Every structure is written in C-alpha cells, then in structure tokens.
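Here is a short report on packing, rings and annotated repeats. Look at the model first.

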Amino acid sequence: MHRRLKWASHICFRSVKSYSWIRYVSSNANSLYNWNSRITSYFKKGDVEAACKLFDEMPQKNVVTWNCMISGYIRNGMINPAQKVFDAMPSRNVVSWTAMLSGYAKNGNLEVARRMFDGMDDKNVVCWNSMISGYVSNGRLEEGRELFDLMQIKNDVSWAIMIEGYFRYGDVSEAERLFSEAPVKSVPFCNAMLAGYAEMRRTEDADKLFMRMDTHDVASWTSMITCFSRAREVEKARSLFDDMPEKDVVAWTAMIQGYCENNNIEEAEKLFAAMPHRDIIAWNSMLSGYLQNGKLQDALHLFHKMPWQNTVSWNLMLWGYVQQDDITNARELFEQMPRKDETSWNTMVSGYQNEEALLLYVQMLRNNYKPDQSTFSNVVSLCGVLALHAWGRTLHACVTKSGFQNDTMITSAFISMYSRCGFINAASSLFRNMKRSDTIAWNAMIVSQACHGSAKEALDLFPCMIQAGYEPDHVTFLGVLTACAHSGLVDMGWSYFISMEKRWSIIPKAEHYNCMVDLLGRSGMLAEAFELVKQIPVDLPAHAWETLLSCCRVHENFDLGDLVAQKLLSLQPSNIGMCVLLSNMYSARGMWKDAARVRALLKKLDLKKELACSWIEINGCISQFVSNERCNPRAKDIYKELKSLSALIEDSGTVMYQGCYSKFSSSEEINVS
C-alpha cells in the first residue's frame, strides 16, 4: 500500500512538472508572438527605429523574429540593413531566403536576386514567384516568361504575375491568351484579369468577365469599382460600391480614390468621414486626393491630423509642394523627414530646374540611395535643358552600369538630352539601336529632328511610327507641327492640325495653336494667323497672341500689331515680354509717346524684365554670361572675341536680323556689339 501511494505521488509530481513546462513553453511562445507582432506593426508604420529598439531588447528570438526584421527593412526599402540581419541570423529557413530574394528583385538588383535564387537548395513556389515578379516589375518580361515556363508547379499567383506584366506593358492579347491557357479559373486568378482590364480602362471586357464569374469576392467588386472610376464612369462605380454585400477598407479606399481622380473631392470627403475603419492607405489616399485637386492647405491639415505618417505620407506632401512650385517649403519638409527613400530624393530632384538638382543627385549617391528609373529620367532631362553634355555622358555610363540601358523612358530622355546639346547624330544612333521603343521614344526623336531643322527626317518618322503600331499623342503632333513651321510647309501643317481631332480624336492644346500661328506667321500669312487665333478656346493660355504680335513686328504689319497688342493688354497686362515687344514696336515706328506709355505701365506694375543669359560647360564647369556684364574675370577677352565675330559677320554681307522672336515669348532687340 505504501509502495503504491509512493508510485502514485511520483506520477502526480511528474504530471504537475510536465504541465508547468507546457504552460511555460506556451507562455513563452505567446510572448514571442506578441513581440514579433509589435516589430511588424512598427515597420508597417514606418517607425524603423522603434522596431530596431524592440528587437535589441527582446530576451529571446526565434527565426520568425529575424524574418520579421528582414521583411520590415525590405518593406521600408532598406536592403542593406536587411542583408546585415540576414548575414547575422543563427539559422535561416526558406522564408528568410525568399524575403531577401524578393527585396533585391524589388530593388532592381536582379543579378544578386538571381544568384540567391539559383543557390537555393529548397525552392518553393513563392521563391519562383518572387523571382518572376522581379523580372516583370523591372521591365524584363521575356526573362520572367522564360522562368515561368520552367516552373513545374504553378499557383494562381504565378499566372497572375505574368498576366499583370503583360497588361502593364500593353500586351492585352497575350494576357488574354495566357488567361485562356490556365487550367483553373479561380476567383483570385479572375481578379488579376479584372485588375488588368481596369488598368487599361476596358470596362466592357471587365464587365463581361465579372458577369461570367460564378462567385465574387471583395477584390472582384473592388476591381470593377476601380475600372469604372478610371473610365470616368464614377456613378456606375458608386452603384457597385453600394451593392457590395461586404465592404473592406480596400473597397472604401478604392471608391474614395475614384472620386478624387474624377475631381469630386466633396464626395470623397463624405465617404472618408463615413469609413468605419481607416488604415494608413486610406489616409494617404485622401491626402493624395486633396493634392491632386490642388488643395494643399487641406492636405496639410489632414497630414497633421493623421494618427501616424509613413514615408508615403511625407512623400505626398513633398510632391504637393513641388507641384505648387514651392521649392522652399518642399526642401524644408524634405530636411524634416524622419526617413527618406528613393521617391523622396526623386521628388526633390524633379522640383529643381537648375544645377541644385545635380548637387542633390550627388548627395543622394553619397547617402547610399540607389538611383532608379525616375532618378535617371529627371537628371538626364535636366542635363538636356541646361545643355550639360559632359554631365549627360557621365550619367549615360552610370545608367549602363546600373542595368537601365534598355529602359525606354531613360533612353528617350537621353535622346532629348543629346539633341538639345547639339549632338543629333548621337540621338539618332541611340534611337535606332533601341531594342524596344514606345510612343515616348518616337516623340523624343521626332521633336529632336524638328528642333534641329531636319523637317524631312522628322516628318518621315511619323508614318513609320504609325506603321510600327504606336498611336500619336499631343507631343507627337507638337513635333510634326514644329517641323512644318521651321520649313514653311503650310499645307502639310494644316493637314496635320486638322487630322488631330478628325482622325486621332486629339483636342489641340495651346501649344498646337501656337505652332500653327508660328507657321502661318513665318510664311507671312498674318490674316490667316489672326483668324486662327480668334478661334482658340478662351480657357487656353494666350501664347498664340504673343507669337502673332512677334510676327506682326517681323513683317512690319503695325496696324494688325496694334489690334493684337490691345487684345494682349486686356488678357495679360502684366506680361513683361509682351510689353517690351510692344514698346520696341512703337519705337520702331517713331511712336515715342506710346512706347513711353507702355514703359510707364511696366514701372507702375513694378515689373522688370529678367535678363537673358547663356552658358557653356567646359570640363564639367559651367560659365554663365549675361548681356553687358563686366564682372566676368575674362570679360575683356570675351568682348574682344565678340567684336571680332561681329566684324566677320559684317564683312560677309550678312543682314543682321533685328526681329528676334520665338514661339513662346518675346524679347528685346539683339545688339551684337
């Protein structure tokens, strides 16, 4: 009996001990789960510092903890800290490898991502999808398709990635063909097609697919709302939203975005106020809506009202200031940002239209931020505007080294840059060697040839562009009309101008009217130009009136010039260039009182004409020149050389052109002395 009790007590003791251990393990696991969840939550809010502090304070860590840190860094675009965590991990699993692979792929470093992918012993479908997604999102669709075809086991995500890729690059027929080949048409897979149709604004196709689906989930309804909103059928979108059996925060946000994109900010505000729950994406959508509709102060008020701001929130406000040309406040906000990403730097770079953008680009590199497509496009375009050929060539080498040499947007920027710097042959060579072109690239080449006076080459490109399957847009017609204006091709110019709306359904903008007035004015057809100017919609800027006034002065048609001048004075009394041109025109006719009256108007309005300047880049240094400036250290040599050139011009018998005018503005007479 005693022995039996002893045995029973031993069993009882072991059971209690075992139960205590299970409770301890369970409590510890629960504690780890809570710690890991808090780390993830901090990263989602963009509070990287708090996440790192929590990680350092944790008494215990498991592989999930380390993976949370890797994923969090990657979510916030910080690939280098993610790599350090990955290297320091005591042990790794397939999630760790996949997170790093995905991070490098999203960051555009596909070579490193592919090396990691090839080095993995255990590849699951998520790894394959991450690598394919990396290729597709970075414009390397063919390589993504090759990997997709090699997959032994595909899931809905695999098919969806490829379909989204084809939609993104405009190949709808291939997306539809791939959709038809899929073995199973699940709801998530159909949603990928709906999202693609929404992106392309193909409401009929989306609606047909939606009606064919056996069941719909929230994503299906949301895709249709987005589709109708983007097609400017916001009433249909709202009807669908109201009919939804269940709505999540994504659906609410999609409807708010729909109203914002269709300039109905009042309804967006009402819907935002009625939302049962808001996440950071909803807050940022409303913030973006205010900024899209030019309501900077409302956006600023909402920004300060937000429960927390992530980097996207700061970037939106930064973009809002840049859109308003308020570069001072933009820079101040930029300096205050708790954490910047590539988008922050790109927004600031795009805001500057001078050498400051280049200095900011250099600073970006020094702070270990990686330039992307947007960075290079902005900086290369600025080099074209400032005619900085040496800078441009250096950037071309950087682009090639970074793997963006086949990017159509960047290549188009280089075409314009080389052209503006005077190297039209280099621009043409770049265009001919493009592996894949688009409308932007064709436009860049057409405009480049037109601005270089090569009208035939520019106009020959137009039918080639159509034949290649690209539809012209506003920029295309601006290029061909400029070419016609520079070569005096009046009939051809009229033909292109009429075809814009009649054949291509493109409503002419102020720039197109201006080109036509320039074309007619250069050809001495001032009466026709005057009739065209009177037909310009009142809501368009008055650039064409300025061009017509310049033409009147060049052809010495002062009577018509008086009529145009009176119209311009009523439209833009504070237009400095127009007032200066009008004063010079009166002076040329000996109408000194009228000239003095215009000058008095300038003085009354406290307006001063900005001095025109020119600059040249030599060995990476920029030298700037202003008329009659004497403070340049080599001013004496410059004016001596200028005097010599003036003498050569006079000796050659060349007639000095005293009517300097451009398409977009007017200037004072040029004095070459």
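Arg92 lies over the face of Phe86, 4.2 Å from the ring centre. A charge counts as over a ring if NZ of Lys or CZ of Arg is within 6 Å of the ring centre and within 35 degrees of the ring normal. Lys61 is placed over the face of Phe55.

| Charge | Ring | Distance to ring centre |
|---|---|---|
| Arg92 | Phe86 | 4.2 Å |
| Lys61 | Phe55 | 4.8 Å |

The model is predicted: local features need pLDDT of at least 70, side-chain atom pairs count only at pLDDT 80 or more, and totals for chains, interfaces and linings use all residues. Residues are numbered from 1 along each chain as its sequence is written, and side-chain values use heavy atoms, without hydrogens or water.

Phe86 is also in contact (heavy atoms within 4.5 Å) with Ile70. Other contacts of Ile70 include Ala82, Val85 and Met100. Ile70 and Met100 are among the residues with the most contacts inside the largest nonpolar core, which has 197 residues. Such a core joins buried Ala, Val, Leu, Ile, Met, Phe, Trp, Tyr and Cys residues through side-chain atoms within 4.5 Å; buried means under 20% relative accessible area with a 1.4 Å probe, protein chains only.

Helix α6 (a DSSP run of H or I, at least four residues) spans residues 110-119. Its buried residues are Leu110, Val112, Ala113, Met116 and Phe117.

Technical notes. Buried means under 20% relative accessible area, exposed over 50%, partly exposed in between (1.4 Å probe, protein chains only). Helices (H or I, at least four residues) and strands (E, at least two) are DSSP runs, numbered from the N terminus. Lists of a residue's contacts leave out its neighbours within four places in sequence.
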